[in-house]
Structures are given as structure tokens and as C-alpha cells.
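The structure comes before the details.

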Amino acid sequence: MLDKLYFKKQREAMVKQQLVDRHITDTRVLQAMLRVPRHLFIPSSLRPIAYTDRPLMIGNGQTISQPYVVATMSQWLALQGTESVLEIGTGSGYQTAILCELAKRVISIERFADLARKAGHALERLGYDNVEIHVGDGSQGLSDMAPFDAIMVTAAAPALPEPLRLQMNPNGGRMVIPIGTRNNQRLELVTRFGARWAIDSHLGVRFVPLVGQHGFADTLPPVET
Ligand code: SAH
């Protein structure tokens, strides 16, 4: 039986070997990744490998991102604790929990109701009360609640979705988003100053597609109701 202490040790090793040794330096990000129990966001059969250096399947053909990618994207947002953050692609809710630790308020959108529900339960059980999960097409953002100080997109987009760009805080708002083809993307950091958007392109990554109006077309046939 794997216990709390076992997972805590695994988490400490993950932070040291996968993050600190690979130059993740934001101490708030490192603290958050030490605190959040990643194993509680994945199917129980995968718990023994929760802290390994890889993404894992979480159901509905979706994945929980590799710890290093979660840390990198979080670090790029440079959160101080005062921000309102929009996340697109709740998935397991693990990245959502990290954002809850780092920001004031988190709004997360997931297209699969089933994943949104499970993520919501996991977050609630852990006591996060600064988060709201919405079911819908996150490629359109959430204009009612904009602007956002930070936006994190955890699914790959073919281009920068226009609504998300416009929902960034004009006063230095930041967005991290993987942009490219279905198979290959680069992580981009977008910063907004008024009507100017600065874009830095970094790390090569591979995310599941953002499916929606401003994302890729769905390859599955529509469900008949
Ligand atoms: N951050 C998540 C990663 C999940 S994978 C985690 O740590 O577990 C990406 C998620 O984006 C999937 O759950 C997928 O269903 C969701 N997704 C894809 N397109 C979307 C869209 N247009 N709106 C909302 N969610 C979307």
C-alpha cells in the first residue's frame, strides 16, 4: 500500500531531478509543485507512476502534462498571487491546482463535462476555493469575465485564438500557449501592452489539440442525441 509519505518523497525527487536540475527557478512554482498531490488527479491504476517524467493518460483520449511542462508554463506566467487567471483545458485539474496555489483566482474551461466534473471533485477535496470550472469551448475564452492577467492554454492551437488575445489584460497581461500543427508545437509566451502583443517562441512540445471554433476541427463524428 503506497502511503502519503511515499508520495511526498516521490514529489520531492520530482522537484529536484525534473525541475531544479533543469533550471526551474521560480520558488513559488517549486513550492506549489512540492505541495500539490499529483497522484490524486490521475486514475488510481497510474498512481505508482504519478511522479515520473512524462505525461499520462487521464481518459477521453486526453493527457495530464509532464511535470516539467507544467512548471515551465507556470513559471512563464510569473504569477505573484494577485492575478486573475484563465486556463483553457482543465483536463485532470492538476495544472489548475498549481495555478490556484500561484494566483488569486482561477477560471478554467474544459470541453468534456466528464473531465470537468472529476477535476472539480479533486480540487474540492483538496480544499481549493479560488477556482471555477466551466464546460464549453475555451478557444472563445470567457468575455464576461475578461480581462485576465494571465491565460494558460494547455491544448495545442493552430494559431493564436483572437478572442483570447483580446481578453488579455492590456497592462502587461501574459499568455502561454502551444502553437503549431496537430503533431508538433512551440510554446509561445505572449505579452500584451495596450494594442501591442509581444511574442516569444520557445520550447518544442507536443500537446493534444485544442478543438473548437478557434482551434482544430474535431476528428470524431458528432454524437447523435
Ligand atoms: N492541464 C491539463 C492538460 C489536459 S490536456 C492537465 O494538467 O491535466 C488538454 C485538455 O484540453 C483536454 O482535457 C481537452 O479536452 C481540453 N480541450 C481541448 N480543446 C478544448 C477547448 N476548445 N475548450 C476547452 N477545453 C479543451
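## The cavity

The count comes to one cavity of 30 Å³ or more. A cavity here is a set of points, on a 1 Å grid over the protein atoms alone, where a 1.4 Å probe fits but cannot get out. The largest cavity has a volume of about 350 Å³, a volume being the space filled by probe spheres set on the points, with grid points joined across faces, edges and corners. The model is predicted: local features need pLDDT of at least 70, side-chain atom pairs count only at pLDDT 80 or more, and totals for chains, interfaces and linings use all residues. Residues are numbered from 1 along each chain as its sequence is written, and side-chain values use heavy atoms, without hydrogens and water.

Lining residues have an atom within 4 Å of a point. The largest cavity is lined by 29 residues, and the closest to its centre are Gly 89, Thr 90, Gly 91, Glu 110 and Thr 154. Strand S2 (62-64), strand S3 (84-88), helix H4 (94-102) and strand S4 (105-110) each give two or more residues to this lining. S2 has the largest share, three residues. Helices (H or I, at least four residues) and strands (E, at least two) are DSSP runs, numbered from the N terminus.

By class, the cavity lining has 13 nonpolar, twelve polar and four charged residues. Ala, Val, Leu, Ile, Met, Phe, Trp, Tyr, Cys and Pro count as nonpolar, Asp, Glu, Lys and Arg as charged, and the others, Gly among them, as polar.

## The pocket

A pocket is an open set with protein on both sides within 12 Å along at least five of seven lines. The largest pocket holds about 230 Å³ of space. Its lining has 14 residues, with Leu 40, Phe 41, Ile 42, Lys 118 and Ala 119 closest to the centre.

Helix H5 (residues 113-125) gives the most to this lining, six residues. The pocket lining divides into eight nonpolar, three polar and three charged residues.

## H1 against H3

Helix H1 (residues 4-19) packs on helix H3 (residues 67-77) at an angle of about 70°, with the axes 10 Å apart. H1 and H3 are therefore roughly perpendicular (65 to 115 degrees). Met 14, Gln 18 and Leu 19 of H1 make the contact (heavy atoms within 4.5 Å) with Pro 67, Tyr 68 and Ala 71 of H3. These residues divide into five nonpolar, one polar and no charged.

Ala 78 follows H3, with a positive phi near 50°.

Note on methods
Axes are lines fitted to C-alpha atoms, for helices over the stretch in contact, and angles run from 0 to 180 degrees between N-to-C directions. Angles under 35 degrees count as roughly parallel, over 145 as roughly antiparallel, 65 to 115 as roughly perpendicular and the rest as oblique.
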